[in-house]
Amino acid sequence: MAADTARVAATQAQVEEIARGVEGIIGVYAKDLASGAEIALHADTAFPTASVMKIPILYELYRQVEAGGVDLATRITLGKDDMVPGSGILQDLDLGLAPTVKDLATLMITVSDNAATDLVLAQVGLDAVNATMRRLGMARSMLPMTVRALLYNTVGLDVANPAHTYELYQQRSREGYIDWNCRAYGDEDNNVSTPREMAGLLEDIERRATLGAASCDAMIDIMKRQKYGDRIPQHLPEGATVAHKTGSLRGIRNDAGIVYSPEGSYLIALFAKRLADPVAGVAALARISRAIWEGFVGPIP
């Protein structure tokens, strides 16, 4: 189906106008899956991914499951050393809990659980995630740090130092300590991607291009269970279904996903960095998401 080129052009202009109203840098890539029409703004610029990095981790997990290297039914017993600060619920539960790898993957996406993420990474390996991104053509995307390493870095701690503990992180966090010059907020030697490359990974999953249908169906099902809806889904109509993953750090707000509607589906990746006002940044991303729906699908009453 051919795109309405005038409507897409108007949407591009609207997206640019919304982005100009934000103090910070906003990156956008959206692609209508039927027509191939695109909306792009700083689409090839590197942005810190924050928890959007969990999409390529999920992909690599299912790749290894298909290859027979990982069993989703394996149970992992939580110990004190597995606790990771930030988002998620595992750090608040009693030690000794033994979720399956599938449970951990679900928590990693739906509530952005950081402990679950690093436990999944322990199964698949950082190097494997990076190698797979290279194979998929994600040339500007990289994942050099676990979530623990990333978060410790923001408060001047080093995971390689045994004196730098979960409790010390929590203490520094409560005191408001932040190292704005750390790797975790930079565009290099950090967990980074671009809007176009992250959307490309989602397209690979949606089109069942490199993994089997069962694996792709499972990943999409998990992403549809996402509990945070203040960005891509915020202003979309009831008929929309979104499979997505958010990401947040100080001054950073992201969301990337696949939007499904009865009239058609599209990819969307929204990234924002160096936000002076993260609340205003989230509001702008939600408005951009609505504009893209109206550009690809039609007006929202």
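Mentor: Let us begin with the core: among the 71 residues of the largest nonpolar core, Ile55, Ile57, Leu58, Leu61, Tyr62, Leu143 and Met219 touch the most other members. A nonpolar core is a set of buried Ala, Val, Leu, Ile, Met, Phe, Trp, Tyr and Cys residues joined through side-chain atoms within 4.5 Å. A second, separate core of 29 residues includes Leu41, Ala240, Ile268 and Trp293. This is a predicted model, in which local features need pLDDT of at least 70 and side-chain atom pairs count only at pLDDT 80 or more, while totals for chains, interfaces and linings use all residues. Residues are numbered from 1 along each chain as its sequence is written, and side-chain values use heavy atoms, with hydrogens and water left out.

Trainee: What makes the pair of Phe47 and Phe271 tilted?

Mentor: Rings of Phe, Tyr and Trp (its six-membered ring) pair if their centres lie within 6.5 Å, and planes under 30 degrees apart count as stacked, over 60 as edge-to-face and the rest as tilted. The centres of Phe47 and Phe271 are 5.7 Å apart and their planes stand at 45°, so the pair is tilted. Phe47 belongs to strand 3 (residues 47-48) and Phe271 to strand 7 (residues 264-273), 224 residues apart; strands are DSSP runs of E with at least two residues, and helices are runs of H or I with at least four, numbered from the N terminus.

Trainee: Why does Phe47 count as buried?

Mentor: Buried means under 20% relative accessible area, exposed over 50%, and partly exposed in between (1.4 Å probe, protein chains only). Phe47 has 0% relative accessibility and therefore counts as buried.

Trainee: What makes the pair of Tyr266 and Trp293 edge-to-face?

Mentor: For Tyr266 and Trp293, the distance is 6.5 Å centre to centre and the angle between the planes is 70°, which gives an edge-to-face pair. Tyr266 lies in strand 7 and Trp293 in helix 10 (residues 278-296), so the pair ties together parts that are 27 residues apart in sequence.

Trainee: Why is helix 4 described as largely enclosed by the rest of the structure?

Mentor: Nine of the eleven residues of helix 4 (residues 114-124) are buried, so the helix is largely enclosed by the rest of the structure. Its buried residues pack against helix 2 (54-67), helix 3 (101-110), helix 5 (126-135) and helix 6 (147-154). Just after helix 4, Gly125 takes a positive phi of about 90°.

Conventions
Contact = heavy atoms within 4.5 Å.
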